[in-house]
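User: Can you walk me through this structure? I'd like to see how its parts pack together.

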Amino acid sequence: MKELLLALPAGRTTQGGVFGLTPAHMAYRVGLGPKLLGARLPDGLRGGLMQIDCAGFDGTGDPVGCCRQILGECRRRGYRGIVCDFEGLPSDCLCKMVGILDRNCNAQGWTLYVPEAYARHAPNGRVLIPSALTHGTLERRLRDALERYGPHRAVLAVEWVREDFLLPAGGRGEPLAPDALEGMVRRLEPAVFFDRGLCAHYFTYMAGPKAHFVLFDTPRSIQEKLALAKRLGLCAVLLPQPEVEPHLEEIFGPSP
């Protein structure tokens, strides 16, 4: 892998740099207008990537002005790329925004990362492939992405999953807080298995007549995801800082 990225919430610090992780600063949002909204960051913060979400945006408006704000902030902070963390169905405005950012990032020598739903609007950008699955295998999912986008564009976006599904499982399960999962394991004392296809741990339990399936990650499963991405030749991996930070040495080995 050429690059390991760490999605870093605003105001957080990280030791990720010691392990070769580049921060993607989750301090920005596309607001109504659209216009760029940002959390207050230290004046001296420089480098890494800008990460932008679109929570609460209605999908309307002309994106040109917002793109100017985004590109200006990148120049001011010395960011060398942009992660578009856009959830939900693509809107016409955001599709146009991604296209503008793609052309400008390519001209500046920066890297643009986009969700798969926006891949065709960013032909020069890298495509984020989520790690969370409930069926099939992660390897097959990544091989399909490699065939579609090539190793220079396919990126694994790791999600640290803790979800409770009703069987038969489909879609996404009910998210579990870390203490809720720990309490469930203590209370149920289930037999926990590792699914190599999903690269995640799981157990099952009964709640009355209903069967449940709990899927969750640990440092070991994150290591497996990273090893798979490296073996397949993906260009980058994006990791979630809040979950990964306490386990950096366990995942990457003792700090240099």
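This is a predicted model: local features need pLDDT of at least 70, side-chain atom pairs count only at pLDDT 80 or more; totals for chains, interfaces and linings use all residues.

User: At what angle do the axes of helix H1 and helix H2 cross?

Analyst: Helix H1 covers residues 64-77 and helix H2 covers residues 92-108. Their axes come within 10 Å, and the crossing is right-handed. The angle is roughly 35°.

User: How many nonpolar residues does the contact of H1 with H2 have?

Analyst: On the H1 side you'll find Val64, Cys66, Cys67, Ile70, Leu71 and Arg75, and they meet Met97, Ile100, Leu101, Asn104 and Gln108 in H2. By class, 2 residues in this contact are polar and 1 is charged, while the nonpolar ones number 8.

User: Which residues touch the most other members of the largest nonpolar core?

Analyst: This core has 35 residues. Another core, of 32 residues, lies apart from it and includes Phe57. Back in the largest core, the residues you want are Leu142, Leu156, Leu234, Val237 and Leu239.

User: How many residues apart in sequence are the parts that Phe165 and Phe213 tie together?

Analyst: These two form a tilted aromatic pair, 5.9 Å centre to centre with 50° between the planes. Phe165 counts as buried because its relative accessibility is 3%, and Phe213 counts as buried at 11%. Phe165 lies in strand S9 and Phe213 in strand S13, so the pair links parts separated in sequence by 48 residues.

User: Which residues form one aromatic cluster?

Analyst: The structure holds 8 aromatic pairs. The cluster is made up of Phe165, Phe193, Tyr202 and Phe213.

Key: Residues are numbered from 1 along each chain as its sequence is written. Side-chain values use heavy atoms; hydrogens and water are left out. Axes are lines fitted to C-alpha atoms, for helices over the stretch in contact, and angles run from 0 to 180 degrees between N-to-C directions. Helices (H or I, at least four residues) and strands (E, at least two) are DSSP runs, numbered from the N terminus. A crossing is left-handed if the near helix is turned anticlockwise from the far one by less than a right angle, and right-handed if clockwise. Contact means heavy atoms within 4.5 Å. Ala, Val, Leu, Ile, Met, Phe, Trp, Tyr, Cys and Pro count as nonpolar, Asp, Glu, Lys and Arg as charged, and the others, Gly among them, as polar. A nonpolar core is a set of buried Ala, Val, Leu, Ile, Met, Phe, Trp, Tyr and Cys residues joined through side-chain atoms within 4.5 Å. Buried means under 20% relative accessible area, exposed over 50%, partly exposed in between (1.4 Å probe, protein chains only). Rings of Phe, Tyr and Trp (its six-membered ring) pair if their centres lie within 6.5 Å; planes under 30 degrees apart count as stacked, over 60 as edge-to-face and the rest as tilted.
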